[in-house]
Amino acid sequence: MPHTASQSSQTPKSLALMAGLEVLFASAAPAITCTQDALVCFLHWEMVTHGYYGLGVGDQPGANDKKSELLPAGWNNNKDLYVLRYEYKDGSRKLLVKAITVESSMILNVLEYGSQQVADLTLNLDDYIDAEHLGDFHRTYKNSEELRSRIVSGIITPIHEQWEKASVSSPHREFPPATAREVDPLRIPPHHPHTSRQPPWCDPLGPFAVGGEDLDPFGHRRGGMIVDPLRSGFPRALIDPSSGLPNRLPPGAVPPGARFDPFGPIGTSPPGPRPDRRGQ
């Protein structure tokens with residue numbers, strides 16, 4: 001009896017080009033109950049034929065994740081949102097695939113983790129799945145060659161091209177091997193003397209210590225907000241307390257080492273004879 005199109009929606013040629021799909025369909029057949037299940041099964045097979053392994057379900061890695069060509073357990077628990085994760089055979093990239101059911105269509109969204117590249121594809125379920133024959137592999141899929149072409153051109157090829165472009169834009173840098181002198185753990189590092197001496201500034205007490213000098217102007221905790229050339233941390237010459245005044249202060253008006261605001265620019269002295277310091 002001759003083979004007719006009514007008996008099968010697939011030709012021997014198309015079946016030969018889809019080697020492995022029938023085995024995958026047979027393993028998942030008990031769980032395939034709707035057109036979107038059948039389409040996700042086809043999508044998974046297409047990912048496997050392009051060098052990917054299924055890892056698991058959900059957005060995040062799970063304890064039961066493992067590389068497999070079969071659909072993971074629980075892959076179709078949610079008929080409105082399918083979330084599957086894949087890894088390329090050499091481990092170079094990972095994909096997050098989401099299939100969203102919207103009325104009679106399915107939106108496929110693919111994210112490549114490393115480059116954060118995204119590809120989208122919308123398919124009409126009725127164009128590729130025969131809802132009346134979900135239990136018969138040879139009659140479940142229709143226009144399968146067109147379906148393959150759309151998945152490859154809409155998802156797989158764009159992701160691969162974007163990933164390769166990102167790899168070219170940020171090439172891996174090669175460094176020469178370190179010499180024995182550079183990796184010797186007992187070698188004393190060279191001494192680089194400081195060219196200038198830094199003042200002994202105190203480290204901040206914490207993020208909430210900002211403005212503490214304004215709250216403590218006399219410097220009981222830190223430096224205070226009063227200008228104090230005697231405690232600047234830099235070498236200093238003898239400072240005349242009368243600097244900036246029209247007349248000199250009497251002896252003992254400013255005790256030695258006392259904190260004070262200068263009355264004028266440091267280094268200027270009032271006119272007139274200096275106090276006689278002989279005998280001191």
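User: Which residues of α2 meet which residues of α3?
Analyst: In this predicted model, the two elements in question are helix α2, spanning residues 21-28, and helix α3, spanning residues 35-49. The residues of their contact divide into 7 nonpolar, 1 polar and no charged. From α2 come Leu21, Leu24, Phe25 and Ala28, and the residues of α3 that they meet are Cys41, Phe42, His44 and Trp45.

User: How are α2 and α3 oriented to each other, given an angle of about 135°?
Analyst: The two helices pack with their axes 10 Å apart and at an angle of about 135°. Angles over 145 degrees would count as roughly antiparallel and those from 65 to 115 as roughly perpendicular, whereas the rest, once angles under 35 degrees are set aside as roughly parallel, count as oblique. The orientation of α2 and α3 to each other is therefore oblique.

User: Is the crossing of α2 and α3 left-handed or right-handed?
Analyst: The handedness belongs to the pair of helices whose axes lie 10 Å apart, with Leu21, Leu24, Phe25 and Ala28 on the α2 part of the contact. For α2 and α3, the crossing is right-handed.

User: Where around the axis of α2 do its buried residues lie?
Analyst: The buried residues of α2 are Leu21, Leu24, Phe25 and Ala28. What covers them includes α3 and also α5 (137-140), while Val23 and Ala26 are exposed on the other side of α2.

User: Is Leu24 buried or exposed?
Analyst: Leu24 is found in helix α2 and, not counting residues up to four places away in sequence, touches Cys41, His44, Trp45, Glu69, Leu70 and Leu71. Its relative accessible area is 5%, and since buried means under 20%, Leu24 is buried.

User: What separates the C-alpha atoms of Leu24 and Trp45?
Analyst: Trp45 is among the residues that Leu24 touches, and both take part in the meeting of α2 with α3. Although Leu24 and Trp45 are 21 residues apart along the chain, the separation of their C-alpha atoms is 7.2 Å.

User: Which residues does Glu46 touch, not counting those up to four places away in sequence?
Analyst: Glu46 lies in helix α3 and has a relative accessible area of 0%, so Glu46 is buried. With residues up to four places away in sequence left out, the residues that Glu46 touches are Arg148, Ile151, Val152 and Ile156.

Key
Residues numbered from 1 in each chain as written. Predicted model: local features only at pLDDT ≥ 70, side-chain atom pairs only at ≥ 80, totals over all residues. Heavy atoms only, no water. Axes fitted to C-alpha atoms, helices over the stretch in contact; angles between N-to-C directions. Helix = DSSP H or I, 4+ residues; strand = E, 2+ residues; numbered from the N terminus. Left-handed = near helix turned anticlockwise from the far one by under 90°. Contact = heavy atoms within 4.5 Å. Nonpolar A, V, L, I, M, F, W, Y, C, P; charged D, E, K, R; others polar. Buried < 20%, exposed > 50% of the residue type's maximum accessible area, 1.4 Å probe, protein only.
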